[in-house]
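Please keep the sequence and the model in view while reading.

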Amino acid sequence: MDTILYNGNIYLERERFAQALLIQDGKIAQVGGDEEILAAAPEAEKIDVQGRTLIPGFVDSHQHLYHVGQNLLRVDLSACASLQDVIDAGRRFIQENQIPEGQTVEGWGWNQDYFAEKGQMPTRHTLDQVSQKHPLLFTRACGHVSTCNTLALQKAGVWDHVPQVEGGQLELEPDGRPNGILLESSAKQVVEKAIAPSMSEEQMERALEAAMKYASSKGLTSVQTNDVSGPDYDAILSVYDKLLHQRQSLRVYMQCCLMDPALFEKFLSEGHCTGKGDQWLKIGPLKLFTDGSLGGRTALMRQDYADEPGTRGISTLSQQDLDKLIQIAEQNGMQVAIHAIGDKAIEMCLDSYEKALDGRPNQNRHGIVHCQITDMPLLERFKKLDVHALVQPIFLHYDMHICADRVGEALAQTSYAFHTMNRLGLHVSYGTDSPVEDLDPIANLHCAVNRQDLKMQPADGWNPAEKVDIYQAVDDYTIGGAYNAFEEQEKGRLAPGYMADIVMLDQDIFHIPSEKILDTQVLMTMVGGKIIYEK
């Protein structure tokens, strides 16, 4: 059945709008004025959108969708304002869910910078007050620092003999015992693999389905998600394949974290490569990690942290290993997207790309995810190499309050440089890194345009010279993300021939005062011309 959306404010491109569009076979067939489009298909189903604003469906260029679903089943620690809040939340979760003794309990979302005990991370002593009869593993909002209780350490076999972990660290107390704080995923995995039960296929499906529904309610029609990680990639790909094709409500471009060269080559030998798949599930880039997070002081820096002399972060891959993995990818036509937050980590990525490209164009559209701590020479190298920037403006909500303390005022002024990236002509795409931050695109747009946190501070914006306008922000969140996935000819615009992935908003975000953007609500989400969410 053909469908016409009319009486609308339909965004086409900067300062260009239409009134109506015609959808045929899941794609946009025609765009124009009401009279023209209504006359073009008189038998079509007609939807009066009552003057509402329609934009292309949001494309989140980096998140962890499956983990969003998993976290709906975990202790929510995001609102904790003290160590006691963490304790209370854990106790309440165990009691309300009647978790049997011995069963592992996981939590997500604490941030020591929001605690009354400023900067004090929870340790095993904190979590022992939650329970000494359940193994506990509570992860910081950034995902790069976790804390476990004593029982978890004992069950993992790291109580008496603490291992050295490549690319990570188990923190120690003065007597040599672990204090429960685990820096980076390699350290977390030492405990996690011993205590975390593997999820059944049914549980995996339930978690992913919940995340998909939530994403649709926020106007996401495509996500580029890093949920393939390690050797069990077949299991997660199978769950995604089943649900995406059953529901046909979300399109996924899968980022694949395979940090071991032998495992990556096995993946390639099985026929997996960037672009393989269909409109619902497609293999995207090799995803690598070179450092940690700014909040956890594990982002890899060229100089010492200003607020912790002697600390420069953690390198999760050596330059040699990074070079090797990128070389394999480049030779096999596989895109690469690398997590890099600190300026040293970003420099390492650019060095590796420059070696692999060897003067050739970046045809595989390699990119760097996060790109937070930068200076102008680094940004100019992005442009020279045509390396994509997959950024998260929503990170400003928290990071603007710690950035200068962590890296110094001068470097903070040239970081999170979204306007400069656009001015230089970089390929920029927006994402949220959810569940690190909520996957809500509206909050992301607000942070990009206003350079404020979600409490509307500071009044004039943080480093206001790096504000972008709403047109640029929407484009980076739609056509920019589509370009990152080689889909700019079929996704990210409301134009003939493009997929009918459409979001209806309750406000005209292009013409309201920018301080009102954060109040905007998604009223409807369409994927392939089918309404999959209505408020």
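Met524 has Glu534, in strand E24, as its bridge partner. E23 and E24 are paired in the antiparallel sense through four bridges; strands are DSSP runs of E of at least two residues, numbered from the N terminus, and two strands pair if DSSP finds at least two bridges between them. Two residues separate the strands of this hairpin, where Gly528 adopts a positive phi near 60°. The model is predicted, so local features need pLDDT of at least 70 and side-chain atom pairs count only at pLDDT 80 or more, whereas totals for chains, interfaces and linings use all residues. Residues are numbered from 1 along each chain as its sequence is written, and side-chain values use heavy atoms, with hydrogens and water left out.

Strand E22 (residues 502-505) also pairs with E23 in the antiparallel sense, over four bridges, and Leu505 has Val522 of E23 as its bridge partner. Six of the six residues of E23 (residues 522-527) are buried, so this strand is largely enclosed by the rest of the structure; buried means under 20% relative accessible area (1.4 Å probe, protein chains only).

These strands belong to an open sheet of six, ordered E3-E2-E7-E22-E23-E24, with mixed pairing. E3 (16-18) and E24 (530-534) stand at the edges with a single partner strand each, so one side of each lacks a neighbour in the sheet. Elsewhere in the sheet, E2 (residues 9-13) and E7 (residues 53-56) run parallel and are joined by two bridges, with Asn9 opposite Thr53 in E7.

Leu445 touches Phe58, Ile470 and Ile517, among others, not counting residues up to four places away in sequence; contact means heavy atoms within 4.5 Å.

Notes. Buried < 20%, exposed > 50% of the residue type's maximum accessible area, 1.4 Å probe, protein only.
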